[in-house]
Each structure stands twice: as C-alpha cells, then as structure tokens.
Amino acid sequence: MSGIDPGLHRRVLRREQHSSRSGSAIVVLVLLTLVVGYVGVEAVYAALGRRALLFSPVDVLATLTSSVDGGGTSGLVLGAGVVAAVVGLVLIGLAVTPGRRGRHTVDDDRVAVVVDDRVIASSLARAARVSGRLSDQQVSAWVSRRRAQIDLTPASGLAVDEQSVEAATRSELESVAYRPELTARVRTTDTGRVGA
Amino acid sequence: MTSSNRFANRLLLFVVGLVALAVGAFLVIVALPGGGVLRDLLSPASSALDDAVAATPIDPSGATGGSWLPVALALLCLLLVIVFVVAIPAHGHGRTDSVVVQDDPAGSIAVSSSFADTAITDALRDRRDVASVGVSAWTVAGRPALKVRVRLTAGSSPAPVVAAASDVARGLDRVLGETVPVLVEITGASAVRKGADSRVA
C-alpha cells in the first residue's frame, strides 16, 4: 500500500490554515466591473457626442484642473483622494498579510488534521472545570497561535485549586500534538463571584 | 480545498490596492495647497489630452464625428468587464464525485464519493464525542482527496476522534485498495462562551 505523499499533506494543511482571499477578490472584481462598466458607458456617451452623465472621460483632467485652480483646498477632491488611499491601503494589507484562520494541525501519519482553535479552547475549559470542580460559568478559555489561556472565576470565599487545574490542562494539551505548539496559562481572577 | 488560485487573488488585491493608493495620494496632494509641483503638471496633461482628442478624428476628412479615442476606451472597458465577469465564477471549484478511478483494458472502474461518505459517516457518527460528520470529495493536485468535517460535542478532546478518523481512513484504504488522501477538519459549537455547554461533562 503506497503511503501518502507528505508534500501533499503539507500543501493541503497550509491551504486550510490560511484564508484563500477569494471573498475579497470577488468583492473587488464586482466593484471593478461596476466602475469599469460605468466608465465604458461614459466613453460611449462621449463618442456619440452626448452630454456626460457625471463626467466625461475626455475632459476629466480639465475638470480636475479647474476644481483645484483657485489655489485653495478642494474638499471634494481631498475627500475622494483620502477614501481611495484608505481603500488602497486596506487592499494591500489584505494582499500581504497571512490571513490565518485560527486553526492548529495535529500530527498523524495517515490523515491530515486541522482543529479549530475553539475546539481546543473548549476541551481545555472542560478539563479545567472537571479538575477544579468549577461550574461552566466559572471557566473561560481562548487559544491563539502559540498560547492557550484559561481564566478561572472562583466563587466568593472559596479558593480555586489552581495547581490541579494547571496540571489537568497541561496533560490535556500534551495528549494532542498540536502544531504550532501551545503553552497553557491558568489565571484566577482576583474577585470572586457570589453564588458562582 | 477549492482550486481557487490564491496567488492570483492576492496579486489582484495588491495591484488594485496599489492603483487606488496611487490615485488617492495624487488627489490628496493636488487638493492640498502644498501640491504645487503636481498641480503644475495638471494643465499641460489636460491640454495634451485635448490635443490627442483633436488629433484622432474618426473621419480623416474632418466632416463628421469626433475622436476615436472614446470609442477605443469604450471597447477596452467592455473587454475588461468581460474579463472580470469571467473571473468571478472561477472561484470555488474543485469538487469531484468519485474517490477512485481505475482504468483497465476491460473498462474503467469508479468508486463514487458517496460510498466513502457513507462508510466514514457510519463509522464515526455513533461516537459520543461526535455531533455530526460531513464528507466531501475534492480534486487536489490532480487526484481525488476526501475532506471529513467532524463537529465535536462541546468540551470533547480532539485526540480520540483524530485517532478514530485515522483508523477509519486505514480501513477505507483496505476496502478501496488504494490510499486516498484524507483531510480531517475538526470544528465545534462555540462552547467557549460561558454557559453554552452545560449538558456535557
């Protein structure tokens, strides 16, 4: 039986852990279609010698020149420029940032595995709850790329056994080989809650 | 696992972003009182555009009509719109409906992906830590691959499910006589929210 090509697994996992940016690309394509379509309509109007709907592509530079010729600040041009620049910065940001999807992989020699960070947080929260004998409202957990944080809220007047919670969450984390690796931190809030 | 071209997506975003940023920066500089250098460029550019329009009549005898430049612009816009409209539905493809295709001299054998779907779902569905299972087949690098989406009940540890899914995949290998790449995607209800998972201990 032939094994699985590890390169294929790596490729699949890399693609599953990062956004494809298809959504943003489709939005940009739709907007570009509208803008270019509109410019096309104006070009047809200009070619037929009709009056422009909003601006004619033939004298757009002349319009711009006359609108800023007074020497002062033109609010409309300035506003359009700022909006365009901000949109440009956002798009460049989308293009160059990794777009991680909040997932970890697990080593396995047969299947490629991605685990949602929320599942990891949920399993850690349960481990903390069971070991610390806490109710589910007293534990909250979140997981980032390399860290897992578990927050405990003690009931007023009762101490939380932080050591056993820490040991339990650590063993829960060690039972699964997450990549990138996670380190857990347990934190107890200073103020308890009455009736928690 | 779609076959969308991710590099093309990012390239598109980058190029459009760069153009928008350049246009925006130009407009801001021109609009502010300090933008003298760029402003001085405006009126020569504007008159150059006028000259170009005047120098490109549709009818060389000058009897009728204006310049052919707007016509060319309209055609260019039409072409671009066609390109964009074609590019939009190019996203999200890559599904397939057979997990194994074997071509023999006597004919070809295809195992439908619904077979793998039933086998994997039946094997995993009855586990207590599994809320639901979904299986889909995709073409990855020219070969069929399976994507198994497992939704866990709140608070369950992913480790036993991963081991079980791995065993199921091995069992499927034995049945199919071929190793199909399998991706296991483990998701869950948002149990991190306080009070969302009270019934599972």
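Trainee: Which residue stands opposite A:Val115 in strand 2 of chain A?

Mentor: That's A:His104. Keep in mind that we're looking at a predicted model.

Trainee: How do strand 1 and strand 2 of chain A pair, parallel or antiparallel?

Mentor: Antiparallel, over four bridges, with strand 1 covering residues 103-106. The two strands make a hairpin, and five residues sit between them.

Trainee: And which strand of chain B pairs with strand 2 of chain A?

Mentor: Strand 5 of chain B, residues 182-188. That pairing is in the parallel sense, again counted over four bridges. One of the positions to look at is A:Val113, which has B:Val184 opposite.

Trainee: Which residues go on which side?

Mentor: A:Ala112, A:Val114 and A:Asp116 are on one side, while A:Val113 and A:Val115 are on the other. Both faces are covered. As background, side chains in a regular strand alternate between the two faces of the sheet.

Trainee: Switching to the contact between the chains: how many residues does each chain put in?

Mentor: It takes 76 residues from chain A and 76 residues from chain B.

Trainee: Which element gives the largest share on the chain A side?

Mentor: Helix 2 of chain A, with 17 residues. By class, the side of chain A that touches chain B has 46 nonpolar, 21 polar and nine charged residues.

Trainee: OK, packing now. How many residues are in the largest nonpolar core?

Mentor: It has 54 residues. Those with the most contacts inside it include A:Leu124 and A:Ile150 from chain A, plus B:Val148, B:Ala165 and B:Val184 from chain B. Helix 5 of chain A gives the most to this core, seven residues.

Trainee: What is B:Ala165 in contact with, leaving aside neighbours within four places in sequence?

Mentor: A:Val111 from chain A, and B:Leu124, B:Val148, B:Val150 and B:Val184 from chain B.

Trainee: What does the second, separate core include?

Mentor: That one has 17 residues, among them A:Val28, A:Leu64, A:Ala95 and B:Leu12. In soluble globular proteins, nonpolar side chains tend to be buried together.

Key. Residues numbered from 1 in each chain as written. Chains lettered and ligands numbered in written order. Predicted model: local features only at pLDDT ≥ 70, side-chain atom pairs only at ≥ 80, totals over all residues. Contact = placed C-beta atoms within 7 Å. Nonpolar A, V, L, I, M, F, W, Y, C, P; charged D, E, K, R; others polar. Pairing = 2+ DSSP bridges. Buried ≥ 20, exposed ≤ 12 C-beta atoms within 10 Å, placed from the backbone. Core = buried A, V, L, I, M, F, W, Y, C linked by C-beta atoms within 7 Å.
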